[in-house]
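Please read the points below alongside the sequence and the model. They are meant for someone meeting this structure for the first time.

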Protein chains: 2
Amino acid sequence: MIDSIRQMISVSDDETQLLKQLFTEKHIKKGEHFLSEGQVCRTVAIISSGLVRYYVNDDGNDGTYYFGSEGNFVCDYESFLPQVPSTKNIQALEDTSLYIISYDGLQQLYQGIKEGERLGRLGIEQVFVNVLQQLTSFYKDSPEERYRRFLQSYSGISQRVPQYYIASYVGIKPQSLSRIRKRAAQQH
Amino acid sequence: MIDSIRQMISVSDDETQLLKQLFTEKHIKKGEHFLSEGQVCRTVAIISSGLVRYYVNDDGNDGTYYFGSEGNFVCDYESFLPQVPSTKNIQALEDTSLYIISYDGLQQLYQGIKEGERLGRLGIEQVFVNVLQQLTSFYKDSPEERYRRFLQSYSGISQRVPQYYIASYVGIKPQSLSRIRKRAAQQH
């Protein structure tokens, strides 16, 4: 975890000690939730191993809109930043290990680490560009094209995600995804 | 412009001078583009007066996915951050005045202003939460609900945006938006 932070900013030895104090390890079993609708998201996490999905509830139907795996931040910023109840759910799709930092801990990081604010900016920029690509894809891409984008964006983990969550992410029914996959297979 | 920055971070007198050097004024006439597909987005702007829309091209059909008005940042981060050609368009819907800063200028701001990185983080956090709400809305909300969210998110400017751009933002045809508006009017 310290290594992945060092790839983004420079950290002194004293600051490394502070980082070790601010982050703690957490383990979530497959199927368990990191965050449930109605809870306030009180921590940001970095995944050291495992896989999570983000989803919203639509009258009992899940809408899966994001996946996170090794090295990714896990957080519902919409709840975390203003510290208000979340409208999202974050669930482990595999046994998942994370390093977590609390809201107050993050403010300490911003103040106590020289390049802390820079880390915050770079971290959110990464996530932001992903979300932006996904949003604009709804305005211009066909389901086939959105599935192709999923495979690109999540090239390392697409084999680990069940097909019905991929269909949900693309915004189509599982049967339609099967047809798209079959057509793509025939073309190769 | 300096005032809106002062609302987010503290700025010394020397730093105010630097800010004044880094930002320059720009005016765009109604209908003109701040950014066109294929160009690299080389500046971030703050709108002092006016209104812009962000859109993607889908085989000749516009998909309008965002609006910006007084006090908002204007930028295609997906192009700006890595300095690669944009897949987006940003067009003035009214005569628009902006304060712009170049990519290099922004790096100077991050380095030369004590709380510059903090400003960058807070700025992108604001935009990020908006984009996230809009993305998840596609996974759980009906067109009626998305139109209601548009009116909430853009309460100050909804009267200034032509109906066909609102329909595009909601993801429906203008005729469908007319029906939704008629139903909403009857309920009040």
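This is a predicted model: local features need pLDDT of at least 70, side-chain atom pairs count only at pLDDT 80 or more; totals for chains, interfaces and linings use all residues.

1. Before turning to single residues, a term is needed: a residue is called buried under 20% relative accessible area, exposed over 50%, and partly exposed in between, using a 1.4 Å probe and protein chains only. At 31% relative accessibility, B:R160 counts as partly exposed. B:R160 sits in the loop that runs between helix 6 (143-153) and helix 7 (163-170) of chain B, where helices (H or I, at least four residues) and strands (E, at least two) are DSSP runs numbered from the N terminus. Leaving out residues up to four places away in sequence, B:R160 touches B:G50, B:L51, B:E70 and B:E94, contact meaning heavy atoms within 4.5 Å.

2. Residues are numbered from 1 along each chain as its sequence is written, chains are lettered from A and ligands numbered from 1 in the order in which they are written, and side-chain values use heavy atoms, with hydrogens and water left out.

3. For chain A as a whole, the secondary structure comes to 8 helices and 8 strands. A compact globule of 188 residues would have a radius of gyration near 16 Å, and the 18 Å of chain A agrees with this; the radius is taken over C-alpha atoms, and the globule rule is 2.2 Å times the number of residues to the power 0.38. Along the principal axes, the C-alpha atoms of chain A fill a box of roughly 55 × 35 × 30 Å.

4. Buried residues make up 51% of the 188 residues in chain A. Chain A exposes about 9200 Å², of which carbon and sulfur atoms supply 45%, the areas coming from the Shrake-Rupley method with a 1.4 Å probe; for residues, only the protein chains shown count as cover. Among the contacts in chain A between residues at least 6 apart in sequence, 70% join residues at least 24 apart.

5. How do helix 7 (residues 163-170) and helix 8 (residues 174-187) of chain A cross, and at what angle? Their axes come within 9 Å and cross at roughly 95°, with axes being lines fitted to C-alpha atoms, for helices over the stretch in contact, and angles running from 0 to 180 degrees between N-to-C directions. That makes helix 7 of chain A roughly perpendicular to helix 8 of chain A, since angles under 35 degrees count as roughly parallel, over 145 as roughly antiparallel, 65 to 115 as roughly perpendicular and the rest as oblique. Helix 7 of chain A contributes A:Q163, A:Y164, A:I166 and A:A167 to the contact, and helix 8 of chain A contributes A:P174, A:L177 and A:R181.

6. In chain B, the axes of helix 2 (residues 13-22) and helix 4 (residues 103-112) come within 10 Å and cross at roughly 175°, and the two helices are therefore roughly antiparallel to each other. Here B:E15, B:L18, B:L19 and B:L22 of helix 2 meet B:G105, B:Q108, B:L109 and B:G112 of helix 4.

7. A:C75, in the loop between strand 6 (73-74) and helix 3 (77-80) of chain A, is buried, with a relative accessible area of 3%. Not counting residues up to four places away in sequence, A:C75 touches A:C41, A:T43, A:V44, A:Y54, A:F80 and A:I90.

8. B:Y77 lies in helix 3 (residues 77-80) of chain B and counts as buried at 10% relative accessibility. With residues up to four places away in sequence left out, B:Y77 touches A:F128 and A:V129 of chain A, as well as B:P82, B:I124 and B:V127.

9. Most residues other than glycine have a negative phi. A:Q83, however, has a positive phi near 55°, and B:Q83 has a positive phi of about 55° although it is not a glycine.
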